[in-house]
Amino acid sequence: MQTRIITLDEFIIQRQNDFPFASGDLSALLRDIGLAAKVINREVNKAGLADILGVHGSQNVHGEEVKKLDVFSNDMMINALRNSGQCSGVASEELEEFIYFTDEHNANAEYVVIMDPLDGSSNIDVNISIGTIFSIYRRVTRSRNCVQEDFLQKGINQVAGGYIIYGSSTMMVYTTGNGVNGFTLDPSIGEFCLSHPNIKIPSKGNIYSINQGYRLKFSEGVNQYIRYCQADIPEKNKKPFPLRYIGSMVADIHRNLIKGGIFMYPAMQGVPNGKLRLMYECNPMAYLVEQAGGKATNGKQRILLLSPEHLHQTSPIFIGSSEMVEMVMKFENEYSG
Ligand code: AHM
């Protein structure tokens, strides 16, 4: 058992010391993301009080405009990244175009950040877990300000990726390519503390997560896999798998990461690329789940090897316990061709 509390900041510094030539820039960036997450967490926790403290879009008692939580989260993350001095630009699911920082210390910074500041935000009003998802890439150009090429990189190039889940407790889970670690926010001291070191996703798992309401639009392979999960296909000793679907990607993937399972948002009739965004949602989750020993594919190839064409493109995704991802691919190959 761990005997001493290790805070996120301490952990990041410890890890930095493992790399003799590390400049500390990435560490500073991660710490600033952790800081923004605490402020977002504070606001998310107050969401139920919106009617008392001021409905979004209205003015609060101080005469200030109350921002929608997703807008607030977006602004908070951007401010934190700008202040870090280690980030030359940000692409956000909330913004049509990426932004670049023009001030001296940021413009020359080595990293860009891609993020979904508040994923699953339609769940806020009903008190369901939501999250912030982030990816950090090293710039590939040397122009003074970062350009689109710096963002449109394959997921495999990420130097860090992770999420913050605002749930029954708030956690930050991330990887820098050397395993996955989870930190739980202790509200009494206001620190993220290492609570889930070296997370490994069970390779078997049995939870399946998919919006089954769209069943009629799924491929034959996906539908046959659902039947397999339900033990509707004769197989010796096969028990039905539990279906769990929150409709909040961070929460669904977090649960499956810990307990073992598969999350699927496949192609659908009329929606050949699914719903979820490659750059903001699929890539960071794929990097993290692979680092925990799992798999992530779009049905044909590893998510991390997809070449992005534009920032907001979507991709089908099958992600989670390796044996479950392999099994759904077997059904896809057999039935969907
Ligand atoms: P959002 O970008 O509008 O928040 O949508 C993303 C969310 C994911 O968190 C979740 O996995 C998915 O949408 C659920 O979609 P659906 O309601 O179609 O099942």
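Biologist: What makes up the accessible surface of the protein chain, and how much of it belongs to carbon and sulfur atoms?

Modeller: The accessible surface comes to about 15,700 Å², and 49% of that belongs to carbon and sulfur atoms. Areas here come from the Shrake-Rupley method with a 1.4 Å probe, and for residues only the protein chains shown count as cover. Keep in mind that this is a predicted model: local features need pLDDT of at least 70, side-chain atom pairs count only at pLDDT 80 or more, and totals for chains, interfaces and linings use all residues. Residues are numbered from 1 along each chain as its sequence is written, and side-chain values use heavy atoms, with hydrogens and water left out.

Biologist: Why does the radius of gyration of the protein chain agree with a compact globule?

Modeller: The rule is 2.2 Å times the number of residues to the power 0.38, with the radius taken over C-alpha atoms. For 337 residues that gives a value near 20 Å, and the chain has 20 Å, so the two agree. The C-alpha atoms fill a box of roughly 60 × 50 × 50 Å along the principal axes.

Biologist: What share of the residues is buried?

Modeller: Buried residues make up 53% of the 337. The word means under 20% relative accessible area, while exposed means over 50% and partly exposed is in between (1.4 Å probe, protein chains only).

Biologist: How do you know that there are zero disulfides?

Modeller: A disulfide is a pair of cysteine sulfur atoms within 2.5 Å. The sulfur of Cys 87 has its closest cysteine sulfur in Cys 146, 7.4 Å away, so that is too far for a bond. For Cys 282 the closest one is in Cys 229, at 19 Å, again too far. The structure therefore holds zero disulfides.

Biologist: And why are Cys 87 and Cys 282 called buried?

Modeller: Cys 87 has 0% relative accessibility, so it counts as buried. Cys 282 also comes out at 0%, so it counts as buried too.

Biologist: What makes helix H8 largely enclosed by the rest of the structure?

Modeller: Helices (H or I, at least four residues) and strands (E, at least two) are DSSP runs, numbered from the N terminus. H8 covers residues 249-259, and nine of its eleven residues are buried, so the helix is largely enclosed. Among the buried ones are Met 249, Asp 252, His 254 and Arg 255.

Biologist: Where does Ser 27 sit, and why is it called buried?

Modeller: Ser 27 is found in helix H2. Its relative accessibility is 7%, so it counts as buried. Leaving out residues up to four places away in sequence, Ser 27 touches Ile 12 and Gln 16, where contact means heavy atoms within 4.5 Å. Asp 32 has its place in H2 as well (residues 25-45), and beyond neighbours within four places in sequence it is in contact with Ala 80 and Ser 84.

Biologist: What is the phi of Asn 127, and why is Asn 127 called exposed?

Modeller: Phi of Asn 127 is near 60 degrees, a positive value in a residue other than glycine. Most residues other than glycine have a negative phi. Asn 127 lies in the loop between strand S3 (111-119) and strand S4 (130-138). Its relative accessible area is 73%, so Asn 127 is exposed.

Biologist: Why is Asn 198 called partly exposed?

Modeller: Its relative accessible area is 46%, so Asn 198 is partly exposed. Asn 198 lies in the loop between strand S8 (191-196) and strand S9 (207-209).
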